[in-house]
Amino acid sequence: MEIYRSFINGEWIESQSGKTVPNINPAVVNDTVGTVQIASRDEARRAVEAAYNAFREWKRTPAPARGRIIARAARLMEERKEELARAITREEGKTLPESRGELSRAINVVEFCAGESRRLVGETIPSELPANFAYTVKEPHGVVACITPWNFPVAIPAWKIAPALVAGNTVVFKPATLTPMTAVLLTKVFNEAGLPPGVLNLVLGSGSEAGDEILNHPAVKAVSFTGSTETGLKIYAQVAPRGVKVQAEMGGKNPVVVLEDCDMQLAVESTAQGAFGSTGQRCTATSRAIVVDSVADQFVEKIVERAKSFRLGPGDDAETHIGPSVDEGQFKTVLKYIDIGREDGAELLCGGKRAEGDGLENGWFVEPTVFDRVTTDMRIAQEEIFGPVLSVIRVKDFEEAMTIANDSEYGLSSSIFTNDANTIYRFVDEIETGITHVNSPTTGGEAHIPFGGVKNTGLGAREQGSTALDFYTELKVVYVDYTGRKREGNLY
Ligand code: ADP
């Protein structure tokens with residue numbers, strides 16, 4: 001059986017902690033994929049020290065040279081695409097087409113960041129004094145911690161590590177303990193692409209010990225986090241006293257608004273894709289369908305039919321549409337929310353329980369679930385479930401739909417289904433989310449387009465696209481006086 005180890009200063013280490021955790025296939029829980037050696041606090045500290053010691057040389061390496069290594073990593077990912085995709089499916093559970101899609105996104109991001117290494121440009125600014133000018137340069141922070149969740153175990157680390165390295169930072173990567181195999185494979189890719197020892201370090205450990213130790217280390221100057229809002233805000237508070245920069249992508253409760261004049265088939269198909277695709281385990285998953293009364297019966301009938309048509313199963317089975325929840329904990333959370341929905345008075349239309357038959361009882365499968373007549377004060381309308389559960393909220397008109405769409409502590413993604421151009425632009429103006437879609441699912445994004453949310457979803461600069469390197473760089477402003485004389489007049 002495979003053993004997953006941490007990677008510190010260019011070496012795979014034997015952990016001294018003596019603690020191990022099994023890596024389990026969520027579709028077939030007696031399939032133990034491997035064993036994770038859990039890093040101790042001391043090992044986490046050594047990873048930060050290795051990154052600290054490697055920083056000066058890496059910062060001095062010209063950005064395009066750093067970018068060449070990142071470009072090589074993209075090529076290696078391309079070569080190993082199938083191996084990486086299968087690893088995602090085996091330890092996270094999503095279907096192979098979904099895993100391959102994740103790999104495509106990750107490769108695109110890494111390629112994009114490699115290109116950015118030749119565009120790490122500043123500004124030249126004319127001074128108000130004669131024979132003076134000013135310019136800006138972008139510099140790295142130092143050691144950056146990348147703390148990532150299990151739901152996109154390749155793409156999310158890739159879209160943090162690649163820009164951090166291109167900008168000249170060194171990295172301590174702390175993935176979720178549920179997805180160690182992909183973290184090891186990704187670390188190998190970057191390492192084999194030619195990174196010097198210490199530039200990228202992998203710590204396989206728990207958030208509460210290894211993660212905590214990394215965050216408390218004085219050499220860590222910035223933290224890029226993706227995960228739950230609860231953890232993200234806790235991390236933000238923990239490092240704030242030291243003035244550490246934080247970028248956090250957290251929870252979502254993404255709505256679609258369905259209006260009378262929409263293409264109903266499109267609205268239903270896109271909502272189903274957004275709600276049940278990737279088993280609902282995406283931060284951009286559709287979890288609220290806000291539908292005007294006049295078409296609500298029609299929408300509900302069709303979405304239930306669609307939800308029942310999905311085939312559940314192991315992600316590597318070509319017949320499977322939807323995989324399992326990632327582990328027992330997540331599975332129980334989803335079932336708990338289904339109970340809460342029932343108790344709060346929502347009408348359960350389909351699903352609502354563990355899936356059975358055809359070997360499904362061997363994994364953490366929940367049937368695609370639709371609740372109707374959900375009201376905005378119910379917990380299933382407010383809290384992130386991270387499972388295949390859709391709440392339908394009926395409203396009288398567009399105005400009420402907007403009030404409810406924005407009645408959320410989260411603000412990641414959203415979508416509207418209508419063919420009225422004026423309404424589309426009113427929606428775009430009024431919706432409180434960092435990303436919005438028109439006549440398409442709430443999920444999905446592109447490597448060269450910024451990604452992130454508002455309200456309790458997002459903190460700090462947007463990831464990816466034109467803003468990908470913003471979080472990872474500091475601006476240095478340089479004033480040059482070439483008069484050779486004492487300054488005439490004053491600058492205020
Ligand atoms: P998820 O439910 O997606 O696992 P979490 O927010 O719990 O979301 O975890 C996201 C990442 O944050 C994981 O890598 C986890 O180990 C890490 N983490 C959790 N708690 C802490 C903490 N107190 N300090 C540092 N990292 C943490």
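Predicted model: local features only at pLDDT ≥ 70, side-chain atom pairs only at ≥ 80, totals over all residues.
Local features require a pLDDT of at least 70 and side-chain atom pairs count only at pLDDT 80 or more, whereas totals for chains, interfaces and linings use all residues. Residues are numbered from 1 along each chain as its sequence is written, and side-chain values use heavy atoms, with hydrogens and water left out.

Helices (H or I, at least four residues) and strands (E, at least two) are DSSP runs, numbered from the N terminus. Helix α8 spans residues 229-239, and Thr-229, Gly-232, Ile-235 and Val-239 are buried in it; buried means under 20% relative accessible area, exposed over 50%, and partly exposed in between (1.4 Å probe, protein chains only). Viewed down the axis of α8, the buried residues fall within an arc of 130 degrees, so they line one face of the helix. That arc is taken from the directions from the helix axis to the C-beta atoms. An α-helix has 3.6 residues a turn, so residues three or four places apart point the same way. Glu-230, Lys-234 and Ala-237, on the other side of α8, are exposed. The buried residues of α8 pack against β8 (143-147), α7 (207-216), β11 (220-226), β12 (245-249) and β18 (410-411), where contact means heavy atoms within 4.5 Å.

Two loop residues concern the backbone. Most residues other than glycine have a negative phi. Asp-358, in the loop between β15 (347-350) and β16 (369-372), has a positive phi near 50 degrees. Asp-358 is exposed, with a relative accessible area of 77%. Asn-439 has a positive phi near 55 degrees and is found in the loop between β20 (437-438) and β21 (454-455). At 22% relative accessibility, Asn-439 is partly exposed.
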